[in-house]
Amino acid sequence: MKILNTPLAIEVRTNSTGNPTAIHMPPSAQLRSNGKWVNVTKVENLWKVNDEWWRGPDEEISRLYYVLRIDSGQQITLFLDLITNKWYRQSG
Amino acid sequence: MKPIACLRIPNYAWQIEAERSPELRKCSIIIAGKVFDLPNKLTSTRNNSGIKSPSTSVVFETSPDLTDVTLGMPLNEATANHHDALVIKADTTFYDLVFEKIIERLKHLIPDIEVAGPGLVYVGIWGVQKLYGDDAHVVRLLANAVNRFDLRIGVGDNKWMAYAASLTSRANSARKVKGDPGQFLDKFPVDSLPVPFPLIKKLHAFGLKTMGHIADIQRGPMEAQFGQIGGIAWELSNGIDNRPLIPHQSVVEVSEHLDFPSPTTNITTIFLAVESLLDRAYNRTVLSDRFARQANIHSQVSRHIPWTMQIAFKDPANNKHKALFAIKSKLSTVSFPGPLEDMHLTLSGITGEVGQQESMWKDVKRDYDLQETFEQLNRRLKVTPPIYQIRELEPWSRIPERRYALVQLNTKNDDKESHDENTYAKR
């Protein structure tokens with residue numbers, strides 16, 4: 001069995017307010033990207049997901065989702081794992 | 001009594017082959033076919049005794065000189081007796097095509113026509129005296145409609161008498177049975193009876209050589225000795241035949257033909273030819289807003305027997321594109337026996353409306369199709385096919401990766417599951 005839509009770790013540059021300004025797109029034919037940094041032109045949406053907090057700090061889920069528009073016009077959804085402070089790419 | 005004419009083209013298939021290749025007239029010919037090719041005509045009921053497999057090669061027709069070779073005889077038996085005979089394969093599609101044209105010509109004259117087999121038709125010639133004159137005039141008109149062939153015509157009060165009369169008529173002439181039918185049949189050999197061959201042998205064994213011999217005895221003893229078929233033999237020997245004339249049903253077909261400038265095996269040229277023929281066929285008024293269910297392609301092949309292909313459309317086609325798609329997909333997998341010289345395209349099974357049967361339980365059908373595809377791939381690839389199914393885990397979850405998963409398709413488990421679901425639904 002393979003879980004669909006698993007999060008992929010991604011490098012993100014942020015501004016002073018913590019919003020993403022650039023994303024490092026891994027080389028991917030599907031995304032038509034050759035592994036370069038791309039600029040974020042707009043943050044279109046964001047929301048927070050807090051779940052399973054009753055399981056304790058090790059299993060708690062706390063994410064901040066961003067829907068971003070990048071240079072090429074493509075829409076991308078990312079989240080910041082607020083527990084580990086790492087960025088992931090995932091469709092919402 | 002209503003007079004019936006029997007039009008018989010003896011050695012019909014041989015006559016067509018001889019017309020196509022006149023040099024064949026000089027040698028003895030055996031036309032070979034399969035058991036299922038044999039016509040179920042009046043004279044063929046005694047032929048295929050002893051043949052076990054329908055795919056066995058048998059004698060379909062012979063040239064007139066091979067009188068001891070009977071139709072339906074196993075081919076190896078016939079060739080053992082006639083080493084020098086040339087064996088050619090029966091082109092039944094072409095024979096049918098030619099015969100259909102003959103039928104159409106006859107139908108323009110008289111509509112009551114029964115097709116008893118290739119080269120054998122019965123024509124109801126009653127009630128046309130005011131239109132064409134007496135029987136002799138009618139027969140002349142019928143003969144003119146089949147002028148290409150050596151034709152024998154018989155006229156009688158029923159089908160059997162007309163057939164028997166045709167057996168005694170000379171080439172391109174007619175014979176009419178007048179007076180007592182029993183007297184006419186008196187000297188006919190029992191071999192002419194359209195009954196199973198074992199019965200003919202038994203009749204000979206009992207010393208019943210002619211139909212007169214059978215007619216001399218009572219019906220009861222004949223049936224007591226030979227069963228129901230003995231009664232039929234007695235009736236026929238007395239000129240009694242109560243079978244009605246069953247008029248031939250016209251089948252609407254559209255045929256188009258073209259000759260290639262030079263013989264070709266080039267698939268692109270062949271596709272273009274098919275497209276052109278379909279274009280012409282679908283522009284005919286008979287096919288406007290109508291659907292065809294089947295296409296037949298027939299081609300003469302350079303230095304080879306003619307090539308024929310039949311395509312049944314899964315969904316009836318009402319335009320050339322649909323028909324072309326079906327034909328192309330079949331043609332692309334075909335290897336031609338040689339360069340094609342021409343092409344006949346016939347669209348048949350023409351219908352005004354088309355319906356598609358929907359399944360009441362679409363999911364069951366879908367699962368069945370999926371399972372069949374899975375099994376076919378399994379056999380072809382020799383490993384479990386890489387087919388996955390998206391399964392819901394927690395579709396309501398706020399965490400996207402917990403909603404769905406890819407699962408290897410396992411049809412056996414799925415079957416069980418769907419069966420359980422169905423059982424549940426029934427409850």
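Let's start at a turn: in the hairpin of S9(A) and S10(A), which has 4 residues between its strands, Asn85(A) takes a positive phi near 60°. Before going on, note that this is a predicted model, in which local features need pLDDT of at least 70 and side-chain atom pairs count only at pLDDT 80 or more, while totals for chains, interfaces and linings use all residues. Residues are numbered from 1 along each chain as its sequence is written, chains are lettered from A and ligands numbered from 1 in the order in which they are written, and side-chain values use heavy atoms, with hydrogens and water left out.

Strands here are DSSP runs (E, at least two residues), helices are H or I runs of at least four, and both are numbered from the N terminus; two strands pair if DSSP finds at least two bridges between them. S10 (residues 86–89) of chain A also pairs with strand S2 (residues 8–9) of chain A, again antiparallel, over 2 bridges. In that pairing Ala9(A) has Tyr88(A) as its bridge partner.

Chain A has another hairpin to look at. Strand S3 (residues 11–14) and strand S4 (residues 20–24) of chain A pair antiparallel over 4 bridges, with Thr14(A) opposite Pro20(A). This hairpin has 5 residues between the strands, and Gly18(A) takes a positive phi near 90°. S4(A) goes on to join S7(A) through 3 bridges, also antiparallel, and Ala22(A) has Asn39(A) as its partner in S7(A).

Contact (heavy atoms within 4.5 Å) takes in 18 residues from chain A and 12 residues from chain B. About 1,200 Å² is buried between the two chains, with carbon and sulfur atoms giving 57%; buried area is the accessible area (1.4 Å probe) that two parts lose on being put together, summed over both. The rule finds 2 salt bridges across this interface, a salt bridge being a side-chain nitrogen of Lys or Arg within 4 Å of a carboxyl oxygen of Asp or Glu. One of them links Arg63(A) and Glu401(B) at 2.6 Å, N to O. On the chain A side, the elements giving two or more residues are strands S1 (2–3), S7 (37–51) and S8 (61–70), and S7(A) gives the most, with 4 residues. The chains also share strand pairing: S1(A) is joined by 2 antiparallel bridges to strand S14 (residues 404–408) of chain B, where Ile3(A) stands opposite Ala405(B).

Now over to chain B, where 5 strands form an open, mixed sheet in the order S5-S6-S1-S7-S8. Its edge strands, each pairing on one side only, are S5 (113–117) and S8 (173–176) of chain B. Inside the sheet, S1 (residues 4–8) and S7 (residues 152–156) of chain B are antiparallel partners over 5 bridges, and Ile4(B) stands opposite Gly156(B). Helix H5 (residues 135–145) of chain B packs on the sheet, touching S1, S6 (120–124), S7 and S8 of chain B, and its direction makes about 150° with that of S7(B). For such angles, axes are lines fitted to C-alpha atoms, for helices over the stretch in contact, and values run from 0 to 180 degrees between N-to-C directions. Helix H6 (residues 159–168) of chain B lies across S1, S5, S6, S7 and S8 of chain B, at about 140° to S7(B).
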